[in-house]
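I opened this entry to keep track of what I looked up. The sequence and the structure come next.

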Amino acid sequence: MFNLLNRYSLIGLMKLAVNLMLTKLYFQPARLIRSPFYIRGRKLISWGPGFTAGVGVRLDAFSNENNKAKLLMIGDRVQINDYVHIGAIQSVVIGDDVLIASRVFISDHNHGRYDKADLMSSPDVPPKDRPLFAAAEVIEDRVWIGENVCVMPGVKIGQGSIIGAGAVVTNDIPPNSIAVGVPAKVVKVYDKEIKQWTKVI
């Protein structure tokens with residue numbers, strides 16, 4: 001209790017108590033969901049024990065079909081910080097023990113398709129009228145995603161990897177790597193023999 005008093009004001013403690021109560025009532029088996037918390041398509045979303053979400057988190061899962069399968073699956077002990085937005089229309093899978101910093105955007109879909117010819121993705125078509133294109137993405141166990149990162153459709157981030165702040169992930173990141181930049185590129189890998197991160201030449 002003393003540690004909590006050092007970390008929170010009285011009003012902060014009251015908000016925490018209310019959020020804990022609402023989490024236990026409405027968001028089992030999560031550990032703590034802080035409000036405001038925005039969720040669309042709750043039946044298409046799952047999370048494991050120990051899930052923690054900061055304020056302003058937005059989770060969207062929607063399908064035009066009568067789909068009962070989960071589109072957004074969040075593993076055990078995942079921590080998502082403030083103002084993270086995750087959108088799924090095909091499949092977003094987040095593994096166990098993942099840490100996501102604030103203001104991160106993760107999506108398996110885009111308005112339009114830009115990797116090949118598509119008349120409906122022309123600049124002459126308003127973006128809201130372009131058909132949604134989706135590609136499944138996976139964030140494996142023990143990944144750490146830094147502040148203000150964007151993870152684009154179709155990406156796989158391997159277990160144990162770190163994505164540096166401000167990066168835009170457009171291609172797969174191998175396990176046990178550190179990737180930074182726009183677009184994100186691997187700059188270090190973890191060498192298990194010498195037990196340290198080494199630069200990529």
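**Pocket**

I looked up the lining of the largest pocket first, and its residues divide into 5 nonpolar, 3 polar and 2 charged. In this count Ala, Val, Leu, Ile, Met, Phe, Trp, Tyr, Cys and Pro are nonpolar, Asp, Glu, Lys and Arg are charged, and the others, Gly among them, are polar. I note that the model is predicted: local features need pLDDT of at least 70 and side-chain atom pairs pLDDT 80 or more, while totals for chains, interfaces and linings use all residues. Residues are numbered from 1 along each chain as its sequence is written, and side-chain values use heavy atoms, with hydrogens and water left out.

A pocket here is an open set of points on a 1 Å grid over the protein atoms alone, where a 1.4 Å probe fits, with protein on both sides within 12 Å along at least five of seven lines; lining residues have an atom within 4 Å of a point. I listed the lining as Asn 110, Gly 112, Arg 113, Tyr 114, Asp 115, Phe 133, Ala 135, Met 152, Pro 153 and Gly 154. The volume of the largest pocket is about 170 Å³, taken as the space filled by probe spheres set on the points, which are joined across faces, edges and corners.

**Sheet**

I then traced an open sheet of 9 strands with mixed pairing, in the order β1-β4-β7-β10-β15-β18-β20-β21-β22. Its edge strands, β1 (32-33) and β22 (196-199), each pair on one side only. Strands are DSSP runs of E of at least two residues, helices are runs of H or I of at least four, and both are numbered from the N terminus; two strands pair if DSSP finds at least two bridges between them. Strands β15 (residues 144-145) and β18 (residues 162-163) run parallel and are joined by 2 bridges. Trp 144 stands opposite Ile 162 in β18.

**Aromatic rings**

I counted 5 aromatic pairs, with rings of Phe, Tyr and Trp (its six-membered ring) pairing if their centres lie within 6.5 Å; planes under 30 degrees apart are stacked, over 60 edge-to-face, and the rest tilted. The rings of Phe 27 and Phe 37 are edge-to-face, because their centres are 5.3 Å apart and their planes at 75 degrees. Phe 27 is in the loop between α2 (10-26) and β1, and Phe 37 is in strand β2 (residues 37-40), 10 residues apart. Both are buried, meaning under 20% relative accessible area with a 1.4 Å probe and protein chains only.

Conventions
Buried < 20%, exposed > 50% of the residue type's maximum accessible area, 1.4 Å probe, protein only.
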